[in-house]
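Please open the structure in your viewer and keep the sequence panel beside it. The tour below moves from the whole chain to single residues, and each stop says what to select and what is there.

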Amino acid sequence: MRVVRVTGFGGPEVLVPGEAPDPVAGPGQVVVEVAVAGVTFVETQIRRGTDQWHARPELPYVPGGLVAGRVSSAGEGVDPAWVGRRVIAGTGETGGFAERAVAAAEDLFPVPDELELPEAVALHSDGSTAQGLIEGAKVRPGEWVLIEAAAGGVGSLLVQLARTAGARVVGAARGSRKLDLIRELGAEAAVDYSEPGWTQRVLEATGGAGPDVVFDGVGGEIGRAAFEVTARGGRFSVHGASSGEVTVVDPARREDVDVIGIEQLFDFGPHLARWAEQMMAQAAAGLVRPVIGQTFPLERAADAHAAIEHRTALGKTLLLI
């Protein structure tokens with residue numbers, strides 16, 4: 001079968017197409033005929049060897065932790081009814097950039113008939129994260145919400161979920177193409193955080209008070225600047241570090257702001273299936289839609305990683321196999 005391997009830690013060019021033996025399902029496992037493989041920013045950091053949150057894989061390895069497709073075979077102890085079903089499957093940290101992937105039966109999520117597989121992947125991964133963040137920050141009607149990286153996979157869904165909750169949204173991103181998308185998704189204001197004085201525009205949009213909730217997916221200087229303009233009594237929720245640095249703030253600096261650290265993600269696991277179901281139900285009802293900005297064939301996995309790293313990607317990036 002066709003696969004893409006990481007042959008060394010470095011830039012996108014280390015993603016090399018190749019061949020591998022077809023996998024066989026062991027006890028408690030299934031083999032999935034992969035139609036869609038998700039791509040995440042964290043996976044690009046793992047590939048570079050710079051990620052701080054995951055063990056470094058042994059080289060060479062096949063990246064990709066989430067796939068969608070039909071179950072083609074089931075191992076010992078697995079309900080044979082899974083065979084032939086459309087599923088989303090977690091493969092762990094690796095193994096998804098391939099024509100076939102092995103997954104534990106307990107990690108399968110059935111895809112509703114009304115959803116296509118690409119949309120289901122985006123709603124399962126980024127959508128469940130966004131739903132968890134919204135619940136954790138307790139977004140309320142009428143509040144101002146600032147969303148960093150608001151044109152990305154998680155960010156674009158956060159914009160829609162915040163609007164559905166009755167909040168007023170300021171989306172922040174880089175470049176006019178992304179700002180146009182943010183406005184299209186329902187944000188009342190869109191600001192470019194690559195421009196000087198961007199936080200002043202956030203304050204102007206919120207009537208001078210600042211946002212009641214900040215979703216910080218960028219970190220670094222942008223995260224710290226967003227923290228400084230958070231409204232008194234507000235919540236500052238950290239979920240990413242696309243800048244390469246998690247936002248670190250001194251609680252004593254702003255005792256009037258509740259900081260929800262990136263550690264919140266460690267507790268998301270038991271709730272992901274429930275959140276994914278909620279997101280897919282909301283999508284079926286027309287309340288949210290995943291933004292799939294770009295897709296690539298398997299052999300162009302390096303281009304998919306480059307699009308994410310170069311900040312040119314809109315919404316979710318997927319491999320179609």
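Helices and strands are here DSSP runs, a helix having at least four residues and a strand at least two, and they are numbered from the N terminus. The model you are looking at is predicted.

**The whole chain**

If you orient the view along the principal axes, the C-alpha atoms fill a box of roughly 60 × 40 × 35 Å.

Switch to a surface display, where the accessible area comes to about 13,600 Å², with 50% of that area belonging to carbon and sulfur atoms. Of the 321 residues, 55% are buried. Among contacts with a separation of 6 or more, 67% are between residues 24 or more positions apart. Colouring by charge picks out 28 positive and 42 negative side chains, and the centres of these two sets lie 5 Å apart.

Select residues 117–137, which form helix α2, and show the side chain of Gln-131. Is Gln-131 buried or exposed? Its relative accessible area is 10%, and because the cut-off for a buried residue is under 20%, Gln-131 counts as buried. Beyond its neighbours up to four places away in sequence, Gln-131 touches Leu-161, Trp-275, Gln-278, Met-279 and Gln-282.

Now select Ala-130, also in helix α2, which is buried at 0% relative accessibility. Which residues does Ala-130 contact, leaving aside those within four places in sequence? They are Val-154, Leu-157, Leu-158 and Leu-161. Leu-161 therefore deserves a label of its own, because it lies within 4.5 Å, the contact cut-off, of both Ala-130 and Gln-131. For a sense of scale, draw a C-alpha to C-alpha distance from Ala-130 to Arg-177, which are 47 residues apart in sequence and 22 Å apart in space.

Moving on to the loop between α2 and β8 (144–147), select Lys-138. Lys-138 is exposed, with a relative accessible area of 56%, and its phi is near 55°, a positive value in a residue other than glycine. Most residues other than glycine have a negative phi, and most peptide bonds are trans.

**A cis peptide bond**

Show the backbone here and look at the bond from Leu-59 to Pro-60, which is cis, with omega near -15°.

**Two pairs of parallel strands**

Next select β9 (residues 168–173) together with β10, which pair in the parallel sense over four bridges. Val-170 has Ala-189 as its bridge partner in β10. On β10, Ala-189 and Val-191 point one way while Ala-190 and Asp-192 point the other way, and all of them are buried.

Follow the chain into the loop between β10 (189–192) and α5 (198–205), where Glu-195 is found; with a relative accessibility of 40%, Glu-195 counts as partly exposed. The C-alpha atom of Glu-195 is separated by 16 Å from that of Ile-147, which is 48 residues apart from it along the chain.

Then select β11 (residues 213–216) and β12, which run parallel and are joined by four bridges. Val-214 has Phe-236 as its bridge partner in β12. Strand β12 (residues 235–238) is covered on both faces, with Arg-235 and Ser-237 buried on one side and Phe-236 and Val-238 buried on the other.

**Helix α8 and its cover**

For the last stop, select residues 301–309, helix α8. Eight of the nine residues of α8 are buried, so this helix is largely enclosed by the rest of the structure. Its buried residues include His-305, Ile-308 and Glu-309. To see what covers them, show among other elements β1 (2–6), β2 (15–19), β3 (29–39), α1 (41–48), β14 (294–297) and β15 (317–320).

Finish on Arg-311, in the loop between α8 and β15. Arg-311 is partly exposed, with a relative accessible area of 34%, and its phi is near 65°, a positive value in a residue other than glycine.

Key: Residues numbered from 1 in each chain as written. Predicted model: local features only at pLDDT ≥ 70, side-chain atom pairs only at ≥ 80, totals over all residues. Heavy atoms only, no water. Buried < 20%, exposed > 50% of the residue type's maximum accessible area, 1.4 Å probe, protein only. Areas by Shrake-Rupley, 256 points an atom, 1.4 Å probe, with all protein chains shown as cover. Lys, Arg positive; Asp, Glu negative; His and termini not counted. Charge placed at Lys NZ, Arg CZ, Asp CG, Glu CD. Pairing = 2+ DSSP bridges.
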